[in-house]
Amino acid sequence: MDKKQKLKGLEKYDTIKEQQLTEGNRGYFLNQAQVFSSDNRWIVFDNRNDDTQIIKNGSIGMVNVNTREIRNVYTATDKNEFGPGVGAAVFNPKTNEVVFIHGLANADSVRPYTFTRRTAVSVAPFETSKPVRLDARDISPPFTPGALRGGTHAYSISGDGQWISFTYNDGLMAELAKTDATIKDLRTIGVMVPSKPVRVSDDDTFENFDGERFATVVATVTEFPRAGSDEMSKAYEEGWIGTEGYLNAKGEVQNKALAFLGDVRDGTSQTITEVFVADLPDPLIDAKDIPHISGTESTRPEPPAGVHQRRLTRTQDRKFPGVQGPRQWIRSLPDGSLIFFPMKDDTGMVQIFAISPNGGALRQMTENDFSLETSFSIDPKGNYLAYGYHQDVYLTAIKTGNTKKISPERDYKSGELSNINWSNDGKILAYNRKVTATKESYYQIFLINLK
């Protein structure tokens, strides 16, 4: 495709301007999705200046896109070098509740913030500053149904604002893995659903606590997947399919479903990453599920019986098999008809591909002469992909594949373009750049107005 053809239909973005929304000697770090309030006036952030260091961060804030006013959403108490740690904040698209990772309150040198020691906390910033614990935790047998035994993170809220997905590491299995070679600490995914509060016996250790939602894992993982099978050793980077689900192969609406990445072994026992789907029943939990969803002292929790897990992609025979590229959570069109993910094309360039949630052939959505360098996002109407390369923001029209660089030339030193988010009305792109100030560089929030 020649350059003129690539730009066709994107001429309206010829005069785009970039606005730096935050400044100063601290980080303003965005989550990779869902950072805008429902009215698009506020953007939520945490104050990390290193995306790997939630353990060091103690505050969540939000900034007004029009006035640049900054408000505190939450500040952790008893913060120390070992935690508790807060970060990765998202806005509920319907309620304006802010949900974020919170390490355990008893964090210290013996029990620091880590994958198995974190939980979801919410704050309603326009109503109260009171934090609410969402997922209960119970590591003392007999385990409480609806409570978890480890740590959750990377929250994604369904289009109706009701269900919250997460990735999960089980604390009991992680401990067993230290002395038993047949057991591994495996990441999987789960869901929290509205319910009566889950009550857990309090033993004054701050290890066990109540939660306002019922939580369960929804993907099955195993330590030693069989070569050539659909068994996974890891499930992660999930995303909701559609804002209201998708039409399945029978023409029926599957109201709640997650697409996610799963690590499998190909026929030669090499690990490759494929795309999977978990179709979720509604209601999620049936009485017959209770005996196995909590796990035992020697087994991990299992999904409810009504969850249907299936593999979508089979890329082992491609020149460059498996999902590859920058870290990317699964995205889908608003109607759920296509699921998007990064892979290398036959030239070795990382492009964006898509597949129907019902399976079928892969579709290559971008044909760039460069590799994708950031995560990507899809506008709320399902018209454009937004992503980054060489510190520039690009748009690709989903219907035509036409691509255009829309960020203007910069007169400042910056790096680490990341976390590109669309506003809920599709009129604003927000993202991070690390900007040099004095001798240090800090994550700042930038905007591109697409009105």
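## The largest pocket

The lining of the largest pocket divides into 18 nonpolar, 16 polar and seven charged residues, where Ala, Val, Leu, Ile, Met, Phe, Trp, Tyr, Cys and Pro count as nonpolar, Asp, Glu, Lys and Arg as charged, and the others, Gly among them, as polar. This is a predicted model, in which local features need pLDDT of at least 70 and side-chain atom pairs count only at pLDDT 80 or more, while totals for chains, interfaces and linings use all residues. Residues are numbered from 1 along each chain as its sequence is written, and side-chain values use heavy atoms, with hydrogens and water left out.

The space in this largest pocket comes to about 970 Å³, a volume being the space filled by probe spheres set on grid points that are joined across faces, edges and corners. A pocket is an open set of points on a 1 Å grid over the protein atoms alone, where a 1.4 Å probe fits, with protein on both sides within 12 Å along at least five of seven lines, and lining residues have an atom within 4 Å of a point. Of the 41 residues that line the largest pocket, Gln34, Ile157, Gly159, Thr243 and Asn424 lie nearest its centre. Two or more lining residues come from each of β9 (150–157), β13, β16 (256–265), β19 (331–332), β23 (377–378) and β27 (414–422), strands being DSSP runs (E, at least two residues) numbered from the N terminus.

## The second largest pocket

The second largest pocket, with a volume of about 670 Å³, is lined by 30 residues, of which Phe29, Arg48, Asp51, Arg327 and Trp329 lie nearest its centre. The elements that give two or more residues to this lining are β9 and β27, and β27 gives the most, with four residues. By class, the lining has 13 nonpolar, ten polar and seven charged residues.

## Nonpolar cores

A nonpolar core is a set of buried Ala, Val, Leu, Ile, Met, Phe, Trp, Tyr and Cys residues joined through side-chain atoms within 4.5 Å, buried meaning under 20% relative accessible area (1.4 Å probe, protein chains only). The largest such core has 27 residues, and those with the most contacts inside it are Ile43, Ile60, Tyr74, Val98, Phe100 and Ile445. Strands that each supply at least two of its residues include β3 (59–64), β6 (98–103) and β29 (440–449), whereas β2 gives the most, with four residues. Apart from this core lies another, of 26 residues, among them Leu186, Phe214, Trp240 and Val307.

Note on methods: Buried means under 20% relative accessible area, exposed over 50%, partly exposed in between (1.4 Å probe, protein chains only).
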